[in-house]
Amino acid sequence: MTISIDAAFDSGNIVVESLAGTTARLSIRKDRESDFFQWFHFRVGCAVGDALELSITGLANSAYPDGWPDYAVCASTDREHWFRLDTRYDADADGGSLIVQHTAESPILWVAYFAPYSMERHHDLIAWAAECDGVTYRRLGHSLEGQPIDCLEMGSGDTQVWLYARQHPGESMAEWWMEGALEKLTDLADPHARSLLAKCRFHIVPNMNPDGSRRGHLRTNYAGVNLNREWHEPTPERSPEVLCVRNAMDETGVDWAMDVHGDEAIPAVFFAGFEGIPSLKAEQQQKYKDFQAALAAATPDFQVDLGYVESAPGKANLSMSTTQLAERYGAVSMTLEMPFKDNRDLPDPVQGWSPERSKLLAHACLSTLDQIL
């Protein structure tokens, strides 16, 4: 029998080029109105014992070709536990091919770039958190396709903290991080949570790009717009998702902010900061450096050696949220990046970087914030 492949579901993305027995030649659909592509998520129907060979082709032209070497595909048989498959990248095969070989242990195998975080799970998260003691729910606005931009607020302190994720919808580890953050902050037996809620008012947006998430995009919204290049002048026509969040930030002010992401190429967890903003203050930068050093001391999953090149003085890109918030509000803001690959310093050959580690990292980030504050 020939295997079957489907992707017509929440966050699904794959194009079947050809099927022959247990071999499939595949490609990735571009984001709508965009040339970005890298996210994939599909289902394989097969027989137990089938020797599957899945080739995802044309990857030399993907958004981040450097993301494919040393990367291993994520898979699940129950959509709860995700593990890595034997994977190799051949830059010379069929325009650059990711080749997966796996002996099927179940009649259905789910395959993805990273463990998906579905919109249904998102709504479950919002519903659960909104019923927790001390939590207030706000709908800040709507996406271009009419989905709500959800915000959860909690805490009685004066320090305004904004946590937001999935501007780039394919970076699903970011919402797993958010789930971990909400679990910690709503656990009233947790001493760090109790301390933080007394010091801070939290504003948490677990998913800023629901349209791209549902459509299986890597990086853009329904209009093909990269939301993390809209913060200087968001508009209702292109980026209402950013506009409604920034308007809410204007109401509260921002003291601390974290924009949660995933990085395709760098096998590590790291921060990107705001060192290039025109109004940079020494105290503002020192708080960021102190937080970064304290987090590196708190968890071996975070490090400071690998990361992006820092912006030159006065040369920050103010269309990005981290730099815009630092400039606009004087905030201590940062972009948190987690790997699609494994963590170089603490590898896990079974799961690589995972939902579980993303959630634990959120716990470490919040405990560290309590320490710094």
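His 41 stands opposite Ala 112 in β10. That pairing is a handy way into this predicted model.

Me: Which strand does β4 pair with, and how many bridges join them?
Reply: Start from His 41, which faces Ala 112 in β10. His 41 belongs to β4, residues 41–45, and this strand runs antiparallel to its partner. The partner is β10, and the number of bridges is 5.

Me: Which other strand is joined to β10 by 3 bridges?
Reply: Look at Val 111 in β10, where Ala 75 stands opposite. The strand in question covers residues 74–76 and runs antiparallel to β10. That makes it β6.

Me: How many of the residues of β10 are buried?
Reply: Strand β10 spans residues 108–112 and is mostly covered. Buried here means under 20% relative accessible area. Out of its 5 residues, the buried ones number 4.

Me: What is the volume of the largest cavity?
Reply: The whole structure holds 1 cavity of 30 Å³ or more. Its lining includes Trp 177 and Met 258, and by class the lining has 11 nonpolar, no polar and no charged residues. Strands β13 and β15 and helix α8 each supply at least two of the lining residues. The volume is about 80 Å³.

Me: How many charged residues line the largest pocket?
Reply: This pocket holds about 660 Å³ of space. Its lining has 37 residues, with Phe 270, Ala 272, Tyr 308, Val 309 and Glu 337 nearest the centre. By class there are 13 nonpolar and 14 polar residues, and the charged ones number 10.

Me: How much space lies in the second largest pocket?
Reply: His 41 turns up again here, lining this pocket along with Trp 110, Arg 79, Glu 80 and others. The lining divides into 5 nonpolar, 2 polar and 5 charged residues. The space comes to about 300 Å³.

Methods
Residues numbered from 1 in each chain as written. Predicted model: local features only at pLDDT ≥ 70, side-chain atom pairs only at ≥ 80, totals over all residues. Heavy atoms only, no water. 1 Å grid on protein atoms, 1.4 Å probe; cavity = no way out; pocket = protein on both sides within 12 Å on 5 of 7 lines; lining within 4 Å. Points joined across faces, edges and corners; volume = space filled by probe spheres on them. Nonpolar A, V, L, I, M, F, W, Y, C, P; charged D, E, K, R; others polar. Buried < 20%, exposed > 50% of the residue type's maximum accessible area, 1.4 Å probe, protein only. Pairing = 2+ DSSP bridges.
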